[in-house]
Each structure stands twice: as C-alpha cells, then as structure tokens.
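Please read the points below alongside the model. They cover helix packing, a surface patch and salt bridges.

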Amino acid sequence: MAGRWIEQWDPEDESFWKESGERIARRNLLFSVFSEHIGFSIWTLWSVMVLFMGPEYGIDPAGKFFLIGTATLVGAVVRVPYTFAVARFGGRNWTVFSALMLLLPTGAAYAVMEPGTSYTTFMVVAALTGVGGGNFASSMTNINSFFPLRKKGWALGLNAGGGNIGVPVVQLMGLLVIAVAGATHPRVLLATYIPLIVVAAVCAALYMDNLAPVRNDTGAAKAAVRDRHTWIMAFLYIGTFGSFIGYSFAFGLVLQTQFGRTPLQAASLTFIGPLLGSLIRPLGGSLADRFGGARITLWNFAAMAAATSVVVYASTTRSLPVFLTGFTALFVLSGLGNGSTYKMIPAIFQAKAVAKGMEGEAAAAYGRRLSGASMGLIGAVGALGGLAINLAFRQSFQTAGTGTAAFAAFLAFYAACFTVTWAVYLRRPVAVPAKPQLTYAEV
C-alpha cells in the first residue's frame, strides 16, 4: 500500500488550508470516523454478548463483569502501539490493517458463542475484541496531524464522538436481535458486523491518505513520557473517557443484576446513555475551542460528582427511574468531558512551545509532535479507567449485592479530578510571554 502519500502538509498555513488542506482533512476525517465507529462496536461487543448469556451458560454476574473487564484491559494496552503505528506505516495504511483485524474477534465470537463453551475460551475471545479499542488511539493521532490547532477541538471531538457512537449502535443492534430473534441467537448480531468491517477497510483504502511529514519520533515519545502534563491529562481522562467506556460496558449488566431487568428490558435501556454521550462529545470540543478546555473540564467534573450523588441515592433506595436519570446524566457529562480534555492536549504542548520562545509553524510543529506522542499514553491510561470501573462493580456486587459502594468510590474520584484541574490549570494560570492570550487556563 505504497500509494496515496502526501509529501507536504502545513495546516497552520491559511492559504494552504483554504486551497486544498481542509478538503483533504475533512475527507480523511469522514472515513476515519467510519472505521473507528466499527472498532468501538467490536471493542464493546461483550457488553451485549453478556445479555445473551442466560443461566444455561453457567456464568455468574461477577464472571460476566470480568469478561467485559478483560476486553477493556486489552483495548487500553494496545492503544500505545497503535498510536505509533500511524507514523510508522501511514494513517491510511494502518486504518486499513486495523479495520481488517476486527474480523478476528468477530469471527472467533461467532464460532464459540453457545452454551457449553468453557469460561477460559470466552475470556480469550473477549480479549481479542480489545483490538477494536486500539483503533481509537491510531485514529485520533492521525486526525490530530491533519487539522490546525484552531480546529482540533472540533475535529477531534467529531472523530471521537463518531467513533463512540459505535457503542450504542452495537447495543441497539443487540436489542433488535433479542426483540426479533430472541436471546438465544447472538450469532445474528455477529454476522451483521462482518461485512461492515470489510466495507470500512475498503473505504479507508480508497479514500484516505498517508502524511509523509508524520514520522515516528522517539525523542517526542520520550519527552511525552517525561512531561508531567501527559500524566496529569491521563489522570483526568480516566475520569471522562474511563467513565464513558466503563459505564458503557457495565450498564446493561448492572440493570440485570441490581434491578432484575430481563435481557430485552436491559438492552432497551443500555444504548441511551452511550448514544447521548457520543453525540455530545463534539460539543465538548467546540466549547473548549471557545472558552478553554480547562474551564469546561473543571465544571464538568463538578456536574459528574453531582450526578453520581443522584445515582448513589437511587442505588440505596432501589429507584430505577432516578437511577436511569442520574446514570444518563453521567453518560452525557462524560461525553462532554471527553471532548474538552482531548482539546486540552495539543493546546498544552503548543502553549509550552510558545513559552520556550517558539513562534508560528515551529510552535505548531512542536505541539503536534508532543501531543501526538502523548495521545496514545493518555488514551491507554484513560481506557484503563473503564477496567477499574468494571472491577469496582464486580467487587461491589460480590460483597454487597449492589453497586452502591462502587458509585461512592467514583464520586470521590470525580472530586479528585476537579481538584487537580483547578490546581494545575486554573489556580495560577501561567502566562506565555510571546503570546499572552495563550495561558494554561485557556487550554
């Protein structure tokens, strides 16, 4: 796949952007969203598969939480190599390959999804779906290189939001299968996705591009690892994306376990929260472009803490309507925060470049290098938050039979995220000498 390489790319040059850059960037964004969307659907496949696993499978709720936790863990780990694969092989080339890789977990699940299959086999197949989680990291790194800083919040929010919608879509598809064919026909859902995976790979091959100026930079990777902002943003991303993906995996199972919902009843509710959270993510990026990512992120964590308090109350009183209200609000806020936190990453590193005395394209190039290298690490650590959520639910249900203790822990974590955002990015804004309009408060 040696074709479709673009040798020169300077999105910060307004003339270049207007003449050809924007058209090319938007085309790549469109098909990146499509491929990442399918990747998210496959990654979160087991949030739906567990709804098909009735008593005849012989797996208790704790075992099901562990299955979906396995998929979350692998998806988080593979984000790191997927990030650097874009520069090594090209964004278009890697998108084609990573899309085709989704055939492996989908086909494996089709082969084993029936009563009598060993729990170990289910664990291995659930782990394979983690490759879908890696698609997010490579897609975000790729799209980050296509757009100028002033458009990154919108572009990254749209790219991630379109991908995140893969979560409610696969859950809606699961609902349709359960409603029409019954809870004993999971293979119908799996067979639906196989041709979609092929279409995503073909579209990437035909319509996407590789950027030759984007090269693996071990110096940037090492600098990103050493930079404290990489790990601070990873911590905050646990609170936003970790919440989104963790709740997406666990929501249906919580409804079944704590509120006694049937597979059909649970499936009819699980998609609502992830859908709203996905749709609002671009708005989070746009608001961050306008008002500053740190400000939006700060108050978003405050709202997440308030919504979690509602969920804790509903969990203790076993009020399903109140629980659904609070949980849906959590999904919406996690999506909004996803957009604002990811906007902060390139802005932070460009602000640092300006503080070092760099200007123009030099500052933009430094920001792209460091932000691109850090995104994989931040995305991987953030996704591990989804694993932590599922393990917390598993422990809470094992010891108390409800998810109340887990929600109380989440409440404390959101308070910590609020505090860190304020202390690092808003308490004492660091003005940038060369361009005073850029401060860490405005990232």
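1. A crossing counts as left-handed when the near helix is turned anticlockwise from the far one by less than a right angle, and as right-handed if clockwise. Helices (H or I, at least four residues) and strands (E, at least two) are DSSP runs, numbered from the N terminus. By that convention α13 and α19 cross in a left-handed manner. The contact (heavy atoms within 4.5 Å) involves residues of α13 including R228, I232, F235, L236 and Y247, and residues of α19 including F410, F413, Y414, V420 and Y425. By class, it has 14 nonpolar, four polar and one charged residues.

2. This is a predicted model: local features need pLDDT of at least 70, side-chain atom pairs count only at pLDDT 80 or more, and totals for chains, interfaces and linings use all residues. Residues are numbered from 1 along each chain as its sequence is written, and side-chain values use heavy atoms, with hydrogens and water left out.

3. On geometry, the axes of α13 (residues 228-259) and α19 (residues 404-426) come within 11 Å and cross at roughly 145°. Axes are lines fitted to C-alpha atoms, for helices over the stretch in contact, with angles from 0 to 180 degrees between N-to-C directions.

4. Helix α15 (residues 272-291) packs on helix α17 (residues 320-355) at about 35°, with axes 6 Å apart. This crossing is right-handed. Among the residues that meet are G273, G277, G284 and G285 of α15 and G335 and G339 of α17. The contact has 10 nonpolar, nine polar and three charged residues.

5. A nonpolar surface patch is formed by L100, L103, I194, V198, V202, L206 and Y207, with about 540 Å² of accessible area together. Patch residues have over 30% relative accessible area and no salt bridge, and nonpolar side chains (Val, Leu, Ile, Met, Phe, Trp, Tyr) are joined within 5 Å. Areas come from the Shrake-Rupley method with a 1.4 Å probe. Helix α11 (residues 186-207) gives the largest share, five residues.

6. Six salt bridges are counted, each a side-chain nitrogen of Lys or Arg within 4 Å of a carboxyl oxygen of Asp or Glu. One of them joins D209 and R4 at 3.3 Å, N to O. D209 lies in the loop between α11 and β2 (210-211), and R4 in the segment before β1 (5-6), 205 residues apart.

Key. Ala, Val, Leu, Ile, Met, Phe, Trp, Tyr, Cys and Pro count as nonpolar, Asp, Glu, Lys and Arg as charged, and the others, Gly among them, as polar. Patches are made of residues with over 30% relative accessible area and no salt bridge: like charges are joined within 9 Å, nonpolar side chains (Val, Leu, Ile, Met, Phe, Trp, Tyr) within 5 Å.
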